[in-house]
Amino acid sequence: MKKTNSNNDNNMIIRKETKEDYYATELCTLRAFWNIHGPGCNEHLVVHKLRDSADYLPEISRVAELDGRIVGVIMYHKARIVDGEKETEIISFGPLAVEPTCFNMGIGERLLKETLALAKEAGYPGIALCGEPDYYPKFGFLRGRGSGIEHNVYGTPDPFMIYPLNEGFEKLRGKFYEAEVFEECDNEEEIAEYTKKFPYYKPLKLSCQWLHAEKLGRISEVQKNSYTIRFWEKEIPAKLKGHFYEADAEELPLVGDYVTFTYNPYGDSTILSVCERKSLLQRPDQAKTGVMQYMAANADYAFIVTSLNEDYSYNRIARYVSVALQGNVTPVVILSKSDLSLDAESYVEEVRSISDKIQVHAISARYNTGMEALNGYFTPGTTICLMGSSGAGKSTLINALSGEEVMKTGEVRMSDSTGKHTTTYRRLIELENGVTIIDTPGMREIGIANNEEGVNETFSDIEELALQCKFSNCRHDTEPGCAIKAAIKRGELSRERFDLFLDLNRENVKNHAKKKEISKWIKAEKKARKRMTD
């Protein structure tokens, strides 16, 4: 067992793997390759199966241990070069995995250098592999193109490389075949079943994948021009790459965004790109302006939390629902503190009338009533955005569901039933069960802009009635044959609900027009500044 000195830590050991290491080695491998080339990975299954293969070479394979933890692994196996009927045994390795939170510590370099020396000493002619083309040449690996050796499937792309170990390797010609076990690890069902042995990590399918030197993380906090990236269990400070300063506001990273970044262990890392979003919550910054405030990205559910005290507002809930639907987020209305109401069910029925696209639950976190109905939303990989007024019970709700105090709670003032602002900025919190929470500051007012689709989805019943009007341009005022007026007269549609629909639409049009004017001004200002600096 050999101890190596690291510039970052003197406690690193490069050694052979033992049976007691198997789980830790596979977990390290899973984390190293997770979501790098696509959703999830299969390299941990490769490690598992390779150990039982006749091609496995444990005598030159090694793991890296740091402070008692497996943080790296390199596994060698027999391979062959086939030229007609002539077959020559060489070796290959893979995976070479390093725990992702231990980047820039030289772990991969130490594993590679030590095992290359072992392979040369063992007398193997050389190595061929498909790997990172910007990494391995630093250690003497050569491009396979022009060598006379090519991969049996892929030919000689840039990732295909060779490494001469002993004399005679340079004379080899033919096709490279790695161990057959690598062809046995592509069954998605088998991969998914084997992955259940390990902690849950969300598989992602993003266009920014096939990562090399850059990392993939998620924005957990935004404070003016400073960002925090959640990367595994680490919180990494980051700044934007220069090209973002010419971007529009909606193109900047938000809490919940997946981003690619380059890691800097000595200061701020650099955000390179924002991956495509599946959802986006936005609203006017203030009810009287059209400036948009982009709240959160990639949420699955919007928990609209309203307590059943003086905070309750049917109008405000309808606005939240509209914002959620516009952003492609499923709205779930949580009527908290149901113990304060003598008739919570009547509130539930009233809120359900807002839209047929929402779920409504009355709960009391204090007395643990109605909480079991929320368990279905708390599944691994789900992101929930909390929305609502201060003092509505958002923090208490999450603490009760998670079984631990992950969010601070504030007291409610008896005078007006409002609470202290326990959350002053948006932040992302990961629970141990694989659920992600995006907490947002309390909002007593929520404006509407650029939200026509969300309003229409919220009031889809009114939209359907409008299609039945005698005239296609019916204003639902004095025109004959108006289906909406008829529905109000029959009692099928309340006048209050229709008035709310009209108010939200008028506000949406007004604020959207302001937003367009402000956007034009901002773009003109950017162009003027650019001309001055050119």
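Predicted model: local features only at pLDDT ≥ 70, side-chain atom pairs only at ≥ 80, totals over all residues.

Reply: Here is a quick tour, from the overall picture down to single residues.

Me: Fine. How many helices and strands does the protein have?

Reply: It has 11 helices and 23 strands.

Me: And how much of the protein is buried?

Reply: Of its 534 residues, 51% count as buried. The accessible surface comes to about 26700 Å². Carbon and sulfur atoms make up 48% of that surface.

Me: What share of the contacts links residues 24 or more positions apart?

Reply: Counting contacts with a separation of 6 or more, 67% are between residues 24 or more positions apart.

Me: Can you show me a residue with partners like that?

Reply: Take histidine 44. It lies in helix H2, residues 43-50. Leaving out residues up to four places away in sequence, histidine 44 touches Glu26, Thr29, Leu30, Ile191, Tyr194, Thr195 and Phe198. Cysteine 185 is 141 residues from histidine 44 in sequence, yet their C-alpha atoms are 9.6 Å apart.

Me: Is histidine 44 buried or exposed?

Reply: Buried. Its relative accessibility is 0%, and the cut-off for buried is under 20%.

Me: How far is tyrosine 163 from leucine 129?

Reply: Their C-alpha atoms are separated by 8.9 Å. Along the chain, the two are 34 residues apart.

Me: Switching to charges. How many salt bridges are there in the whole structure?

Reply: A search finds 23. One of them pairs arginine 230 with glutamate 430, at 3.3 Å from N to O. Arginine 230 lies in strand E12 (residues 226-231) and glutamate 430 in strand E22 (residues 427-430), so this pair ties together parts that are 200 residues apart in sequence.

Me: How accessible is glutamate 430?

Reply: Glutamate 430 counts as partly exposed, at 38% relative accessibility.

Me: Which residue does lysine 357 meet in a salt bridge?

Reply: Aspartate 356, at 3.4 Å from N to O. Lysine 357 is partly exposed at 33%. Aspartate 356 is exposed, at 64%.

Me: And what about arginine 475?

Reply: Arginine 475 forms a salt bridge with glutamate 479, and their closest N and O atoms are 3.1 Å apart. Arginine 475 is exposed, with a relative accessible area of 62%. Glutamate 479 counts as buried, at 13%.

Me: So what about salt bridges that go beyond a pair?

Reply: Look at Arg31, Arg69, Glu99 and Glu233. They are linked in a network of salt bridges.

Me: Where does negative charge gather on the surface?

Reply: In a patch made of Glu178, Glu180, Glu183, Glu184, Asp186, Glu188 and Glu189.

Me: Pick one. Where does aspartate 186 lie?

Reply: In the loop between strand E10 (174-177) and helix H4 (188-195). Aspartate 186 is exposed, with a relative accessible area of 54%. That passes the patch cut-off, because a patch residue needs over 30% relative accessible area and no salt bridge.

Me: Is phi of asparagine 298 positive or negative?

Reply: Positive, near 65°. Asparagine 298 lies in the loop between strand E17 (292-297) and strand E18 (301-307). At 6% relative accessibility, asparagine 298 counts as buried.

Me: What is phi of asparagine 328?

Reply: Phi of asparagine 328 is also near 65°. This residue is found in the loop between helix H5 (314-326) and strand E19 (330-336).

Me: Is asparagine 328 buried or exposed?

Reply: Exposed, at 58% relative accessibility. Asparagine 298, by contrast, is buried.

Technical notes:
Residues numbered from 1 in each chain as written. Heavy atoms only, no water. Patch = residues over 30% accessible without salt bridge, like charges linked within 9 Å, V, L, I, M, F, W, Y side chains within 5 Å. Areas by Shrake-Rupley, 256 points an atom, 1.4 Å probe, with all protein chains shown as cover. Salt bridge = Lys/Arg side-chain N within 4 Å of Asp/Glu carboxyl O. Lys, Arg positive; Asp, Glu negative; His and termini not counted. Charge placed at Lys NZ, Arg CZ, Asp CG, Glu CD. Helix = DSSP H or I, 4+ residues; strand = E, 2+ residues; numbered from the N terminus. Buried < 20%, exposed > 50% of the residue type's maximum accessible area, 1.4 Å probe, protein only. Contact = heavy atoms within 4.5 Å.
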